[in-house]
Amino acid sequence: MVNKVILVGRVGTEPEVRIFENGGKIARLRLATSERIFNPTTQQQTEHTEWHTLIFRRGLAGVVEMYVKKGTQLYVEGRIRSRQWEDASGVQHIAVEIYVDDMRMIGGRNREEISGQSVSGEYQSASPGVSAEPVREMQEPLPVPETDDLPF
């Protein structure tokens with residue numbers, strides 16, 4: 001059985017970071033994903049936005065704390081987790097969250113926010129057995145050659 005989620009969207013809130021007594025961190029944020037839906041009857045497109053709660057642990061939480069802000073565009077891979085609880089007044093609550101295993105910052109907007117700095121250090125993976133790459137500064141694309149040297 002597989003529990004895998006891939007999302008690409010924009011951060012809708014400033015990340016909330018909690019630091020524990022043992023030095024561990026957890027970061028939480030909301031990510032918006034959108035899709036366009038075409039209605040053939042009215043010949044109009046509407047946009048539907050879905051909000052996702054993302055949970056980052058260990059080293060990824062530190063990267064989120066340092067570099068992710070409201071409006072940042074992210075690519076994330078993770079697992080869906082749900083939990084439920086009853087509050088003091090007896091009301092049942094259900095939360096559906098994405099526990100992130102891998103994250104990449106995408107889009108050109110982050111380049112100016114980072115001010116030329118890139119994350120190059122190692123950090124712990126968000127879950128055992130999953131490799132998490134450090135977030136790196138976006139590089140300029142290579143120039144396209146003017147002449148075609150291909151033999152065909």
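**Talking through the model**

Q: Which ring does the charged end of R81 sit over?
A: The ring of Y99, with the charged end of R81 6.0 Å from the ring centre. Keep in mind that this is a predicted model.

Q: And how many aromatic pairs are there?
A: Zero in this structure.

Q: OK, switching to strands. What does β5 pair with?
A: One partner is β1: residues 5-11 (β1) and residues 73-86 (β5) run antiparallel, with six bridges between them. Another is β6, residues 92-106, also antiparallel to β5 and joined to it by 14 bridges.

Q: Which residue in β5 stands opposite L7?
A: That's V76.

Q: And what's the bridge partner of R83 in β6?
A: A95.

Q: What about the hairpin of β5 and β6, how many residues sit between the strands?
A: Five, and G90 in that hairpin takes a positive phi near 90 degrees.

Q: Now the helix. Why would you call α1 largely enclosed by the rest of the structure?
A: Because seven of its ten residues are buried; the helix covers residues 58-67.

Q: Which ones are the buried residues?
A: G59, L60, A61, G62, V63, V64 and Y67.

Q: Which residues have the most contacts inside the largest nonpolar core?
A: L54, F56, L74, V76 and M103, in a core of 20 residues. The elements giving two or more residues to this core are β1, β3 (25-39), β4 (44-57), α1, β5 and β6. Of these, α1 gives the most, with five residues. V76 ties back to the strand pairing, too: this core residue is the one standing opposite L7.

Q: Let's do charges. How many salt bridges are there?
A: Seven in the structure. One of them joins E77 and K4, where the closest N and O atoms are 2.9 Å apart. That pair links distant parts of the chain, with E77 in β5 and K4 in the segment before β1, 73 residues apart.

Q: Is E77 buried or exposed, and what about K4?
A: E77 counts as buried, at 17% relative accessibility, whereas K4 is exposed at 52%. The cut-offs behind those words are under 20% for buried and over 50% for exposed.

Q: What does R28 form a salt bridge with?
A: With E16, and the closest N and O atoms are 3.3 Å apart. R28 is in β3 and E16 in β2, twelve residues apart, and the pair again links distant parts of the chain. R28 counts as partly exposed at 32% relative accessibility, and E16 is partly exposed as well, at 40%.

Q: And which side chain meets R36?
A: The side chain of E47, in a salt bridge at 4.0 Å, N to O. This pair joins β3, which holds R36, to β4, which holds E47, and the two residues are eleven apart. R36 is exposed, with a relative accessible area of 63%.

Q: Last one, V17. Where does it lie, and what does it touch?
A: V17 lies in β2, residues 16-19. Leaving out residues up to four places away in sequence, V17 touches K25, I26, A27 and E65. For V17 and E65, the C-alpha atoms are 6.6 Å apart although the residues are 48 apart along the chain.

Q: Is V17 buried, exposed or partly exposed?
A: Partly exposed, with a relative accessible area of 29%.

Conventions:
Residues numbered from 1 in each chain as written. Predicted model: local features only at pLDDT ≥ 70, side-chain atom pairs only at ≥ 80, totals over all residues. Heavy atoms only, no water. Buried < 20%, exposed > 50% of the residue type's maximum accessible area, 1.4 Å probe, protein only. Helix = DSSP H or I, 4+ residues; strand = E, 2+ residues; numbered from the N terminus. Phe/Tyr/Trp six-rings, centres within 6.5 Å; stacked < 30°, edge-to-face > 60°. Lys NZ or Arg CZ within 6 Å of the ring centre and 35° of its normal. Pairing = 2+ DSSP bridges. Contact = heavy atoms within 4.5 Å. Core = buried A, V, L, I, M, F, W, Y, C linked by side-chain atoms within 4.5 Å.
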